[in-house]
Amino acid sequence: MVLAFIEHVDGAPTMLSLEVLTMAGRLARDLGVPLDAVAIGPKGAAASGILTSYQVATLHLADDLRLAEYAPAAWAHTIAELADRVNPKVVIGTASDRGGEVMAHVAARMTLPLAANCTQIAAGDPFIVTRQRWGGSLLEEAHLRGAVKLLTVAPHALTAEASPNRTEVATHSLAPALEDKDFRVRLVPQAGADSGKISLAQARVVIGGGRGVGSAEGFATLEELADLLGGAVGCSRVVTSLGWRPHSDQVGQTGTRIAPDLYIACGISGAIQHMVGCRAAKHILAINTDPNAPIVAQADYAVIGDVQKVLSAVNAEIRRAKSGHERMVTEAPTA
Amino acid sequence: MNVLVCVKRVPATAGQITLTPDAQEIDTRYLGFTISPHEECAVEEAVRMIEAHGGSSTVLTLGPEAAVDQLRDAMALGIERAILLETDGREWDPVATAAAIVEAIEAERAAGRSYDLVMFGNESADSAGYQVGVRVADALDLPCVTGIKALKISDGRVTVRRQTESGWETAEALLPAVLTVKEGLNLPRYPSLPGRLKAKKKEIERIAPQWQDGGLEKIRLKLPVQAEHTVEILGKNGDAGAQLVAVFQRLRLL
């Protein structure tokens with residue numbers, strides 16, 4: 001069996017988990033074995049609906065109340081205990097912060113190697129995996145050994161593909177024998193932790209600024225465009241180093257990896273460490289004074305020019321378009 | 001308070017990465033080397049902690065003789081001791097690396113040096129295995145918190161903040177603990193000239209760890225294939241406003 005560890009929010013598997021299920025399904029077919037999934041936390045059972053489209057045979061559920069809150073060692077204990085019992089050929093999870101952390105704990109507990117951030121997996125003996133290094137600007141082909149193959153899948157290494165053929169998903173409850181030491185790292189509830197702003201990781205459009213924005217104050221035009229489009233503002237590493245924006249806004253290898261529909265890179269040259277942070281964007285629009293900047297060659301759309309001039313013009317254009325639309329809506333009843 | 005910081009020597013690849021002809025390594029003929037970026041923040045945090053709470057700080061790396069440069073860099077910033085787990089230069093996988101670090105920590109413990117905190121970068125910039133810290137914590141039976149972007153020590157407890165997809169979360173654990181930190185935790189300082197001179201004279205303690213097969217073995221490196229695509233130039237400066245709005249509408253963002 002191939003066992004996929006799926007992360008979910010109230011029973012809705014995350015997009016990255018659907019990618020993992022897609023990869024896991026292909027592996028299970030290659031190996032001629034069934035695909036099982038494990039979900040941890042309450043409401044995990046709700047995931048079975050969508051799993052019918054991913055050829056999952058059995059969904060293992062650990063809804064012990066102590067597992068409701070994220071506790072990496074306890075979650076890993078649960079998965080390792082399940083693996084000991086069902087003896088899968090492969091355990092596979094996402095390379096998200098949580099997925100990567102839990103799978104590292106699983107690997108440590110099972111004393112097995114773990115191949116992190118895989119983009120391709122060839123089942124054989126040993127497995128041959130292709131995994132991302134340097135945030136994805138370099139790939140490594142490696143042999144992965146171990147009685148059970150442990151893998152995490154790099155975000156957006158493939159597209160999640162639901163099958164039109166739905167299958168029945170059996171559910172199976174887990175009662176792991178958890179120990180107090182599995183809960184030595186506790187999450188502390190935070191009041192008002194949510195800023196209400198759209199996060200970089202989830203935004204449909206991200207406006208990223210680099211040195212070409214000119215100053216910390218220069219980000220006001222980016223903020224305005226983000227407001228107009230309902231997006232989030234990010235930045236390059238140099239901007240963080242200059243102290244213009246906090247590190248939490250940084251897009252790149254050591255910052256946030258984003259996957260918006262559109263990434264608008266303003267005054268960013270396009271260094272390799274930045275590009276690995278935005279490579280999952282569906283479209284890239286570059287605004288740069290230098291037509292030969294690396295970002296321009298990697299973009300789908302480009303405007304050659306000064307960030308402030310371009311953004312001032314486009315913000316004005318959107319405001320005009322929006323007020324025109326509102327006027328039409330207001331005037332409609334009398335028309 | 002005793003802190004151990006584990007760092008890795010990595011090529012500084014601000015430019016284009018090229019590979020050696022056998023595709024086993026990055027061609028480093030024209031590149032400098034550095035401490036992996038997340039770990040620079042771990043070093044800085046360790047120095048600040050000792051300044052605030054007193055105690056001692058040690059830096060450790062597993063790597064070739066040349067990694068002494070990175071140990072001296074850390075000492076120039078204020079770390080007191082350095083340990084080199086000297087290898088012949090070939091790459092050790094995460095299982096083997098963690099085992100060698102655990103052995104070194106146990107030897108330290110046997111010699112009467114125990115650590116309240118063992119710090120790592122969240123992942124190394126080059127091989128990015130995301131697991132050495134967790135494996136070390138598991139072997140030493142210590143709690144482990146990863147992905148840290150802010151931390152506070154008080155009353156024998158560490159409280160940390162981590163960034164999530166939707167915001168921030170706070171976690172805590174009792175000391176001793178293993179922490180893996182991310183860039184953004186702090187802004188690392190530059191070494192002072194007196195700091196550099198002092199670090200030059202300091203002794204580097206050496207251990208020769210036993211190579212072991214960890215089960216993940218590199219076959220070759222390769223560069224990702226760049227997809228061919230064309231760039232649509234929408235215009236220059238302010239003239240592009242209407243064109244941009246059209247793109248936003250086409251992508252259903254407006």
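How much of chain A is made up of buried residues? Buried residues account for 58% of the 335 residues in chain A. Welcome to this structure, which is a predicted model.

**Chain A as a whole**

- Chain A holds nine helices and 17 strands.
- Along the principal axes, the C-alpha atoms of chain A fill a box of roughly 65 × 50 × 40 Å.
- Take the contacts in chain A between residues at least 6 apart in sequence: 64% of them join residues at least 24 apart.
- Chain A exposes about 13400 Å², and 52% of that area is supplied by carbon and sulfur atoms.

- Strand E17 of chain A covers residues 301–304, and both of its faces are covered.
- On one side of E17(A) are Tyr301(A) and Val303(A), on the other are Ala302(A) and Ile304(A), and all of these are buried.
- Within chain A, E17(A) pairs with strand E16 (residues 283–288) in the parallel sense, over four bridges.
- In E17(A), Val303(A) has Ile287(A) standing opposite.
- E17(A) also pairs with a strand of chain B, namely E13 (residues 232–236), in the parallel sense and over four bridges.
- Here Ile304(A) stands opposite Lys236(B) in E13(B).

**Aromatic rings**

- Over all chains, the count of aromatic pairs comes to three.
- One of the pairs joins Tyr70(A) and Trp75(A), which counts as edge-to-face because the ring planes are at 90°, with the centres 5.1 Å apart.
- Both partners lie under the 20% cut-off for buried residues: Tyr70(A) counts as buried because its relative accessibility is 4%, and Trp75(A) is buried at 8%.
- Another edge-to-face pair is formed by Trp92(B) and Trp211(B), with 5.5 Å from centre to centre and 90° between the planes.
- Trp92(B) lies in the loop between strand E5 (81–86) and helix H3 (94–110) of chain B, and Trp211(B) in the loop between strand E11 (205–207) and strand E12 (216–222) of chain B, so this pair ties together parts that are 119 residues apart in sequence.
- Trp92(B) is buried, at 9% relative accessibility, whereas Trp211(B) is partly exposed, with a relative accessible area of 37%.
- Phe5(A), Tyr70(A) and Trp75(A) form one aromatic cluster.

**Charges over rings**

- Over the ring of Phe127(A) sits the charged end of Lys149(A), 5.1 Å from the ring centre.

**His247 of chain A**

- Look for His247(A) in the loop between helix H6 (237–241) and strand E15 (262–266) of chain A.
- Is His247(A) buried or exposed? His247(A) is buried, with a relative accessible area of 10%.
- The side chain of His247(A) makes a polar contact of 3.2 Å with the side chain of Lys149(B).
- A polar atom of the His247(A) side chain also lies 3.1 Å from the backbone oxygen of Glu183(B).
- Leaving aside neighbours within four places in sequence, the contacts of His247(A) include Thr240(A), Thr254(A) and Gly255(A) from chain A, and Lys149(B), Glu183(B) and Gly184(B) from chain B.

**Arg189 of chain B**

- Arg189(B) is found in the loop between strand E10 (177–181) and helix H5 (193–201) of chain B.
- With 30% relative accessibility, Arg189(B) counts as partly exposed.
- Which side chains make polar contacts with the side chain of Arg189(B)? One is that of Glu44(B), at 2.9 Å, and another is that of Glu51(B), at 3.1 Å.
- Setting aside neighbours within four places in sequence, Arg189(B) is in contact with Glu44(B), Val47(B), Arg48(B), Glu51(B) and Leu77(B).
- Arg189(B) and Glu40(B) are 149 residues apart along the chain, and their C-alpha atoms are separated by 9.3 Å.

Notes
Residues numbered from 1 in each chain as written. Chains lettered and ligands numbered in written order. Predicted model: local features only at pLDDT ≥ 70, side-chain atom pairs only at ≥ 80, totals over all residues. Heavy atoms only, no water. Buried < 20%, exposed > 50% of the residue type's maximum accessible area, 1.4 Å probe, protein only. Helix = DSSP H or I, 4+ residues; strand = E, 2+ residues; numbered from the N terminus. Pairing = 2+ DSSP bridges. Phe/Tyr/Trp six-rings, centres within 6.5 Å; stacked < 30°, edge-to-face > 60°. Lys NZ or Arg CZ within 6 Å of the ring centre and 35° of its normal. Contact = heavy atoms within 4.5 Å. Areas by Shrake-Rupley, 256 points an atom, 1.4 Å probe, with all protein chains shown as cover. Polar contact = N/O pair within 3.5 Å; in protein donor to acceptor, adjacent residues only side chain to side chain.
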